[in-house]
Every structure is written in C-alpha cells, then in structure tokens.
Amino acid sequence: MIINEENYLPQYGGARQGSDLDARRLKNTFAYLNCEISDIAMDLTLPEMHVKLRSYAKHLNDNQDNYFFAAICILAHGDEESIQCIDGNSISLDSILRIFDSKKCPGMNNKPKIYLRNACRGINISGHIEV
C-alpha cells in the first residue's frame with residue numbers, strides 16, 4: 001500500500017513537491033520485485049486515513065494465504081512521532097503499527113511488515129545529498 005499525502009493547504013505545510021514522483025518510483029520498484037500493489041491512495045484526511053489503513057489490514061487478514069509480507073508506505077508531512085494528513089490532523093506512528101498488530105490483523109501474524117515513511121521529522125530541515 002502506498003499513501004501519498006501531497007496536496008496540503010499552505011497552512012498545513014503546502015504541497016510536497018516531487019511526492020508524485022516518489023510514489024511512482026515506489027510503485028515501479030515493487031512491480032519490479034513482482035509485488036502486488038493492492039492500493040494507492042492520495043490526499044487523505046485523518047478519518048479517511050484510518051479507514052484506508054483498517055481496510056488494508058482487513059484485506060491482508062482476509063487474504064492471508066496470498067501474502068508473505070506487507071508493506072505500508074506513507075509519503076507525507078510529519079514529525080518524530082506522527083504523520084500529518086492533508087486536513088492538518090495527525091496520526092501517530094504507534095496507531096499505525098497497532099492497526100497491523102497480531103490482535104487486529106492476525107492473518108499477518110509472524111509475517112514481516114515493512115513500514116516506509118517519507119516525512120519530515122520535525123522543524124529541523126535536512127539538506128539533500130547528490131548521488
């Protein structure tokens with residue numbers, strides 16, 4: 001699953017330039033690895049983020065025999081402990097992890113879950129590195 005929070009209003013940090021390219025590259029990388037991308041979502045509010053994550057957990061649980069691992073990729077504004085949705089509200093990283101734990105998603109118990117986030121981690125802006 002890829003969630004791309006790109007089009008924020010200025011008061012919530014503004015648009016994340018290049019986020020669409022990052023999402024495309026993630027999708028292409030998973031496709032190259034012969035991994036199914038079950039969902040790509042864009043510009044979710046906090047309630048929509050909760051619904052989307054729970055829906056993905058249910059999909060994994062209901063189809064557990066088809067999956068050997070899960071990947072949850074979120075591209076967004078955020079800080080050390082949370083992801084900011086486009087409505088300015090945040091979801092904690094712990095909340096996201098709990099949605100996919102063995103109690104709420106038992107079908108993925110003992111299977112790897114990969115969490116990738118591309119988000120600021122607070123007010124300190126890091127530079128970029130040319131490669």
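A polar contact is a pair of N or O atoms within 3.5 Å; within protein, one must be able to donate a hydrogen and the other to accept it. The model described here is predicted.

In this model, a polar atom of the H77 side chain lies 3.4 Å from the backbone oxygen of G13. H77 belongs to strand 4, which covers residues 77–78. Its relative accessibility is 15%, and H77 therefore counts as buried, the cut-off being under 20%. Beyond its neighbours within four places in sequence, H77 is in contact with Y8, Y12, G13, G14, R16, I83, Q84 and A119.

Helix 2 has 17 residues and reaches 24 Å from its first C-alpha to its last, close to the 24 Å expected at 1.5 Å a residue. Its buried residues are L46, M49, L53, Y56, A57 and L60. Because they cover an arc of only 100° around the axis, they are on the same side of helix 2. P47, V51, R54 and K58 are exposed on the other side.

The elements against which the buried residues of helix 2 pack include those in the table.

| Element | Residues |
|---|---|
| Strand 1 | 2–4 |
| Strand 3 | 70–75 |
| Helix 3 | 93–99 |

How values were computed:
Residues are numbered from 1 along each chain as its sequence is written. This is a predicted model: local features need pLDDT of at least 70, side-chain atom pairs count only at pLDDT 80 or more; totals for chains, interfaces and linings use all residues. Side-chain values use heavy atoms; hydrogens and water are left out. Helices (H or I, at least four residues) and strands (E, at least two) are DSSP runs, numbered from the N terminus. Buried means under 20% relative accessible area, exposed over 50%, partly exposed in between (1.4 Å probe, protein chains only). Contact means heavy atoms within 4.5 Å. The expected span of a helix is 1.5 Å times one less than its number of residues. The arc is that of the directions from the helix axis to the C-beta atoms.
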